[in-house]
Amino acid sequence: MAQNRKQARTRLTGKIVLPGSPSYNRARMEYNRRFSKFPRVIVFCRRTQDVINAVKWARERGVRLRARSGRHSYEGFSSVNGGIIIDVSKMKQVRVDRRRRLAYVQTGNPLARVYQKLWDKRVALPAGTAPDVGVGGLTLGGGIGLLSRKYGLTCDNLKQVKMVVASGRYGAKKIIANKKQHSDLLWASRGGGGGNFGIATAYTFRVRPIRTVSIYSITWKWRDLEKVFPTWQRWAPSVTNRLTSTIEVAAKQVGTIVSTGQLLGSAAELRRWIRPLLRTGTPVEVMVRTVPFIEATRFFAEGDLNLEPKFKISGAFGYRPLPREGVKIIRDFLSHAPNKHSTVWCQSLGGRGSAVSRVSTTATAYPHRKAETIYELSARWRNSGEQRRNIQWVKRFRRALRPFVVGDYVNFPDLQIKNWPKAYYGVNFPRLKRVKRKYDPHNVFRFAQSIPVD
């Protein structure tokens with residue numbers, strides 16, 4: 001084996017960053033500063049051949065590898081100690097064919113750039129809110145956002161993916177997965193999670209014409225929690241699927257509850273839809289307005305800016321509204337939060353004619369089609385001394401809610417979930433393992449919660 005490895009010594013191409021280089025510390029840094037890993041080498045790929053060379057290089061030398069785009073892996077899965085990070089963030093082409101309503105998007109694009117490039121052609125892709133999240137990881141795990149109930153998940157709009165996969169004993173090659181070829185890999189790429197089968201380099205998406213949307217924001221004081229949260233839960237899945245909404249309950253130290261949402265329609269119509277919310281409790285701030293779609297993406301991005309650098313997040317799906325006991329759990333945990341940066345955030349997904357719930361559970365790898373809402377439990381901090389308390393709080397919070405919620409979203413990964421295959425993938429896990437065995441039989445693309453070969 002060693003002899004074979006010596007025969008074919010592939011060279012790394014692209015921008016190569018090594019320990020000792022002035023840019024190494026910046027290049028190795030993750031979005032979640034809870035993790036600080038020291039790779040042997042980081043390669044910033046500019047083209048597909050750089051990715052192929054990097055995978056070959058790693059395989060020939062028996063070096064562990066990780067794929068990285070937006071660096072937003074919540075559990076640091078896109079970094080590695082002593083291995084190679086194959087970073088695709090420099091691959092940023094975007095092409096739009098407005099007539100065919102298709103967009104070709106390379107994997108290194110952050111969402112803010114995707115939204116802007118598509119907006120230049122007055123089209124949109126249903127995707128998330130955080131402006132610096134990479135389109136790659138978001139898509140492969142599902143992709144939820146403020147157009148989801150009308151147009152589905154990001155992965156539902158994925159028509160084709162180009163991916164570098166392992167080939168033979170030490171090789172790598174590019175393949176294209178669409179409905180006609182490698183359709184099983186396309187299926188797995190729609191919600192099967194990033195980094196499991198290979199390194200995706202480009203996506204072809206269906207896009208939708210868009211001009212203006214109407215947005216709202218309503219703020220209440222903490223004392224209204226047990227009125228507002230149950231009302232939002234019943235209301236959010238029952239309104240038109242042109243309206244996707246969120247609610248965020250802050251820690252008691254902050255003392256606010258904020259609901260926001262986006263309607264494909266006028267401000268006057270939106271005011272009518274949100275009446276049940278306005279009549280609940282005592283709203284202290286209300287905003288409703290019609291804006292260009294690109295402005296709406298910036299409005300929703302604001303909540304993801306200037307956050308504390310270290311965090312622990314876990315997720316879950318609500319298939320029905322939380323009972324009174326569940327709402328009391330939220331109140332109790334946020335009354336005793338580790339600090340003021342702790343929150344519960346929810347978004348509507350399913351309900352009345354929702355594009356998310358119209359797709360069958362097994363039609364894509366994303367299984368949580370019948371969920372009405374998604375929950376994100378988060379704790380954030382700055383100093384390492386606070387870490388254990390924050391992580392334990394999220395863990396206990398999740399455990400307390402478990403009787404009322406289901407699973408977790410693979411883009412909100414949580415290393416403390418023991419049965420993560422069921423939580424993320426449900427009934428689709430056996431099929432995902434078959435796809436893994438076919439495209440990555442040597443388990444080249446592996447990390448703490450990667451889909452196993454056996």
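Mentor: A polar contact is a pair of N or O atoms within 3.5 Å; within protein, one must be able to donate a hydrogen and the other to accept it, and residues adjacent in sequence count only if both atoms are side-chain atoms. This is a predicted model, where local features need pLDDT of at least 70, side-chain atom pairs count only at pLDDT 80 or more, and totals for chains, interfaces and linings use all residues. Residues are numbered from 1 along each chain as its sequence is written, and side-chain values use heavy atoms, with hydrogens and water left out.

Trainee: Which backbone oxygen does the side chain of S259 reach?

Mentor: S259 lies in strand β14, residues 256-263. S259 is buried (under 20% relative accessible area; exposed is over 50%, partly exposed in between, with a 1.4 Å probe and protein chains only), at a relative accessible area of 0%. At 2.8 Å, its side chain reaches the backbone oxygen of T246.

Trainee: How many of the 9 residues of helix α11 are buried?

Mentor: Helix α11 spans residues 293-301. Its buried residues include F293, I294 and F299. Their cover includes α4, β12 and β14. Helix α11 is largely enclosed by the rest of the structure, because the buried count is 7 of the 9.

Trainee: Is α12 roughly parallel or roughly antiparallel to α14?

Mentor: Helices α12 (324-335) and α14 (387-401) pack at about 165°, axes 10 Å apart. Angles under 35 degrees count as roughly parallel, over 145 as roughly antiparallel, 65 to 115 as roughly perpendicular and the rest as oblique. So α12 to α14 is roughly antiparallel.

Methods:
Axes fitted to C-alpha atoms, helices over the stretch in contact; angles between N-to-C directions. Helix = DSSP H or I, 4+ residues; strand = E, 2+ residues; numbered from the N terminus. Contact = heavy atoms within 4.5 Å.
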